[in-house]
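Please read these notes with the sequence and the structure open. They are meant as numbered points for discussion.

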Amino acid sequence: MDFKILKKRLYKLDTACICDANKNLRVMDPGIKPINQGLKMTGIAHTVHSKGDFLAVIKGLYDAGEDEVLVIDAEGKKIAIAGELFSMEASRKKLGGIIIDGGCRDVKQVQRIRFPVYARYITPLAGTASNIFKTQTKITCGGVDVSSGDIIFGDDDGVVVMSEEELIGILDLAENIQKKEEKVLSQIEDGKSLIDMLNFFDHYEKISEQQESILIFTV
């Protein structure tokens with residue numbers, strides 16, 4: 001499917017609905033956090049391996065195209081391998097975002113740019129630019145495997161990694177989940193009890209009797 005179509009549909013969702021639709025998706029660990037709150041990140045993974053050195057990051061930044069997310073395995077090093085300049089260049093090239101399993105700096109300036117950047121650490125100490133590591137290979141970022149071409153989706157709650165097939169397989173369900181939650185929220189705002197919109201009592205009784213049951217909305 002055309003990624004532009006997938007991107008448009010993803011932007012209307014959030015990572016929570018995506019995970020509710022498939023709890024087995026790859027979710028980066030909570031240490032990978034957004035530098036900019038309130039932004040969504042969607043794109044196709046462009047992978048970089050970098051061990052405290054940003055030479056390969058520059059290569060990845062040069063090679064990456066529109067709607068690609070630079071996903072950097074810096075092996076959790078507490079060294080900044082991206083900051084304002086790389087973020088500005090990525091924004092200029094219309095990349096989808098940058099994810100660093102390592103450090104980022106120039107936080108105030110990155111926030112001013114309003115470009116999606118996620119990192120494990122914030123530190124002023126920059127890495128070197130004297131070693132070459134591989135790009136566009138399978139890496140580990142945020143505790144999950146990421147391959148070139150994977151779909152990346154992030155928001156304030158975190159980052160989800162999916163194959164295109166996985167995403168296509170859950171999009172309809174995720175959209176239905178979000179619509180139902182919006183309906184429930186609207187009814188709570190109107191004064192209706194959340195408990196009254198769940199099969200809570202029936203589910204609780206069945207679970208207490210060790211019977212199979214699923215907690216669902218009844219609206």
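1. Ser 87 sits in helix H4. This is a predicted model, and in it Ser 87 has a relative accessibility of 1% and counts as buried, because the cut-off for that class is under 20% relative accessible area. Apart from neighbours within four places in sequence, Ser 87 is in contact with Ile 98, Val 110, Ile 113, Phe 115 and Val 117.

2. Helix H4 covers residues 84–92 and packs with H3 at an angle of about 15 degrees, the axes being 10 Å apart. H3 is therefore roughly parallel to H4, since angles under 35 degrees are classed that way. The crossing of H3 past H4 is left-handed. On the H3 side the contact involves Val 57, Ile 58 and Leu 61, and on the H4 side Phe 86, Glu 89 and Ala 90. Sorted by class, the residues of the H3 and H4 contact are five nonpolar, no polar and one charged.

3. Strand E3 (residues 41–49) pairs with E4 in the parallel sense, over six bridges. Opposite Ile 44 stands Glu 68 of E4. E3 is also joined to strand E9 (residues 151–155), here by four bridges and in the antiparallel sense. In that pairing, Gly 43 has Ile 152 of E9 as its bridge partner.

4. Is strand E4 mostly covered or mostly open? E4 (residues 68–73) is mostly covered, with six of its six residues buried. In a regular strand, side chains alternate between the two faces of the sheet. For E4, Glu 68, Leu 70 and Ile 72 are on one side, Val 69, Val 71 and Asp 73 are on the other, and all are buried, so that both faces are covered. Note that Glu 68 and Asp 73 are included among these buried residues.

5. The crossing of H1 and H6 is left-handed. H1 contributes Leu 6, Arg 9 and Leu 10 to the contact, while H6 contributes Glu 164, Leu 167, Ile 168, Leu 171, Asp 172 and Glu 175. By class, this contact of H1 with H6 holds five nonpolar, no polar and four charged residues.

6. Ser 163 belongs to the loop between strand E10 (158–162) and H6. Is Ser 163 buried or exposed? Ser 163 has a relative accessible area of 18% and is buried, because the class takes in values under 20%. Leaving out residues up to four places away in sequence, Ser 163 touches Arg 26, Asp 150 and Ile 151.

Conventions
Residues are numbered from 1 along each chain as its sequence is written. This is a predicted model: local features need pLDDT of at least 70, side-chain atom pairs count only at pLDDT 80 or more; totals for chains, interfaces and linings use all residues. Side-chain values use heavy atoms; hydrogens and water are left out. A crossing is left-handed if the near helix is turned anticlockwise from the far one by less than a right angle, and right-handed if clockwise. Helices (H or I, at least four residues) and strands (E, at least two) are DSSP runs, numbered from the N terminus. Contact means heavy atoms within 4.5 Å. Ala, Val, Leu, Ile, Met, Phe, Trp, Tyr, Cys and Pro count as nonpolar, Asp, Glu, Lys and Arg as charged, and the others, Gly among them, as polar. Buried means under 20% relative accessible area, exposed over 50%, partly exposed in between (1.4 Å probe, protein chains only). Two strands pair if DSSP finds at least two bridges between them. Axes are lines fitted to C-alpha atoms, for helices over the stretch in contact, and angles run from 0 to 180 degrees between N-to-C directions. Angles under 35 degrees count as roughly parallel, over 145 as roughly antiparallel, 65 to 115 as roughly perpendicular and the rest as oblique.
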